[in-house]
Amino acid sequence: MSNKRGVTRTRGLSLHVLPFSEIQHLSITDRIKKILKLILGNKVVILQGRLRVEEEIRLVEDTMAMIDHVKQFKGIELAVIEPNLKEANILDKMKHGLANKLSGGANALTIIGPATIVKEIKKDPKKLEIYLG
Amino acid sequence: MIRILKDLSKRILNSLFGRKEDIKLGFYGPPNAGKTSLANVICKDWTGEDIGKVSDVPHETRHVQVKEKVEIDYKGKKLTFKIADTPGIATKVDYEDFLKYKMNKGTAKKRAKEATQGIIESIKWLDDMDAIIVVLDASQNPYSQVNITVVGNIVARKKPVLIVGNKIDLRKANLKKIEAAFPDYEVVGISARKKKNMDDFYEALFRLAKKI
């Protein structure tokens, strides 16, 4: 919503922080279902960790199927932030790799929001900007 | 597991007896990156026919379009491809976006429905491809999660991938940004519309085919 000064205001934003432990033991289907249920509740989900690549693509597929079936649902915006390990030493890389295996990318954060609320997520290697509708 | 064994046996047979089948080459990427434009250049060059219609309106390709027996004879090397041009993969589809292109509400809603189904179809076809060309718009930010997800999935399926930065004729184009976003993969810059750098593309395509 824009006022006369052109300042954009959002009518409230609901963030849901989802620890990886809450989805760790779920099947792919149930993980995606849980995330999409939150999204359909107009929540922006901040997942501690990241989905596997096959789960990410499944999320895209299920999102498309849902657009066809749920009125007013237009899809999602998605971004993953991960630490840049290119310049890290071998020990740090090993630690990071092990932590990732145990906890679904504990150092990563995944942001998933309904496209009606999150208009755009601009990602660059060093910054992430979230534009709300 | 079955997929890995199938791929492995196919590779062994191919290396023992030479490749009998045409190479299934998929064109993937976000909407409006120029997948159909590039596939058209290739198909027109080697078969004399286009593969599909191009447009400025996103999601013009809403079904996988296939061109069989595309025989490329380049610098004495010959390969036959089955080319699959796929609908652009996105995480959102809003019919209201199509209204800007002077479309009526009914047509826009129909297009949106076809676009969502097209995205699902694209993903389903991934497993059938032997090699994949990811076409990105070089004038856009390459760090979008969809691009990363698509490339990640191709690699996880152990398919060779070539990244093409299209639209390098545009002032805003920045191929270096694509190279920085995907440092582990070969990136070729082209302009399908102006048929620029197609020699580099064909060289890279033959290198890609060797990895199958």
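**Exercise 1. The contact between the chains**

How many residues does the contact take from chain A and from chain B? Describe the area buried there as well.

Solution. The structure is a predicted model. Step 1: chain A gives 25 residues to the contact, and chain B gives 25 residues. Step 2: the two chains bury about 2200 Å² between them. Of this area, 57% is on carbon and sulfur atoms. Step 3: on the side of chain A, the residues that lose the most area to chain B are A:I57, A:M64 and A:K74. Together they account for 28% of what that side buries.

**Exercise 2. The make-up of chain A**

State how many helices and strands chain A has, and give their order along the sequence.

Solution. Step 1: chain A has three helices and six strands. Step 2: read along the sequence, they follow the pattern β-α-β-α-β-α-β-β-β. Step 3: chain A has 133 residues, and 35% of them are buried. Step 4: take the contacts in chain A between residues at least 6 apart in sequence; 67% of these join residues at least 24 apart.

**Exercise 3. The sheet of chain A**

Work out the strand order of the four-stranded open sheet in chain A, then examine the pairing of β4(A).

Solution. Step 1: the order is β1-β2-β4-β3, with mixed pairing. Step 2: β1 (14-18) and β3 (76-81) of chain A are the edge strands, since each pairs on one side only. Step 3: from one strand to the next, the twist averages 15 degrees. Step 4: β4 (residues 109-114) is joined by four bridges to β2 (residues 43-48), and these two strands of chain A run antiparallel. In this pairing, A:V45 has A:I112 as its bridge partner, and A:Q48 stands opposite A:L109. Step 5: six bridges join β4(A) to β3(A), again antiparallel. Here A:L109 is the bridge partner of A:I81. Step 6: β4(A) is largely enclosed by the rest of the structure, because five of its six residues are buried.

**Exercise 4. A helix in chain B**

Compare the span of helix α4 of chain B with the expected value, and find what its buried residues pack against.

Solution. Step 1: α4(B) covers residues 105-125, which is 21 residues. Step 2: from its first C-alpha to its last the helix reaches 30 Å, close to the 30 Å expected at 1.5 Å a residue. Step 3: at the start of the helix, a side-chain oxygen of B:N104 comes to within 3.1 Å of the backbone nitrogen of B:G106. Step 4: the buried residues of α4(B) include B:A108, B:R111, B:I119 and B:I123. Step 5: the buried residues pack against α2 (53-69) of chain A, and also against β1 (23-28) and α3 (95-99) of chain B.

**Exercise 5. Two residues classified**

Decide how A:R31 and B:A173 are classed by relative accessibility.

Solution. Step 1: A:R31 is in helix α1 (residues 28-40) of chain A. Its relative accessibility is 6%, so A:R31 counts as buried; the cut-off for buried is under 20%. Leaving out residues up to four places away in sequence, A:R31 touches A:F20, A:I23, A:Q24, A:L26, A:R52 and A:E55. Step 2: B:A173 lies in the loop between β5 (161-166) and α6 (175-181) of chain B. Its relative accessibility is 23%, so B:A173 counts as partly exposed. With the sequence neighbours up to four places away again left out, B:A173 touches B:A138, B:S139, B:K167 and B:I168. Step 3: B:N141 is 32 residues from B:A173 along the chain, and their C-alpha atoms are separated by 9.6 Å.

Technical notes: Residues are numbered from 1 along each chain as its sequence is written. Chains are lettered from A and ligands numbered from 1 in the order in which they are written. This is a predicted model: local features need pLDDT of at least 70, side-chain atom pairs count only at pLDDT 80 or more; totals for chains, interfaces and linings use all residues. Side-chain values use heavy atoms; hydrogens and water are left out. The expected span of a helix is 1.5 Å times one less than its number of residues. Buried means under 20% relative accessible area, exposed over 50%, partly exposed in between (1.4 Å probe, protein chains only). Contact means heavy atoms within 4.5 Å. A polar contact is a pair of N or O atoms within 3.5 Å; within protein, one must be able to donate a hydrogen and the other to accept it, and residues adjacent in sequence count only if both atoms are side-chain atoms. Two strands pair if DSSP finds at least two bridges between them. Axes are lines fitted to C-alpha atoms, for helices over the stretch in contact, and angles run from 0 to 180 degrees between N-to-C directions. Buried area is the accessible area (1.4 Å probe) that two parts lose on being put together, summed over both.
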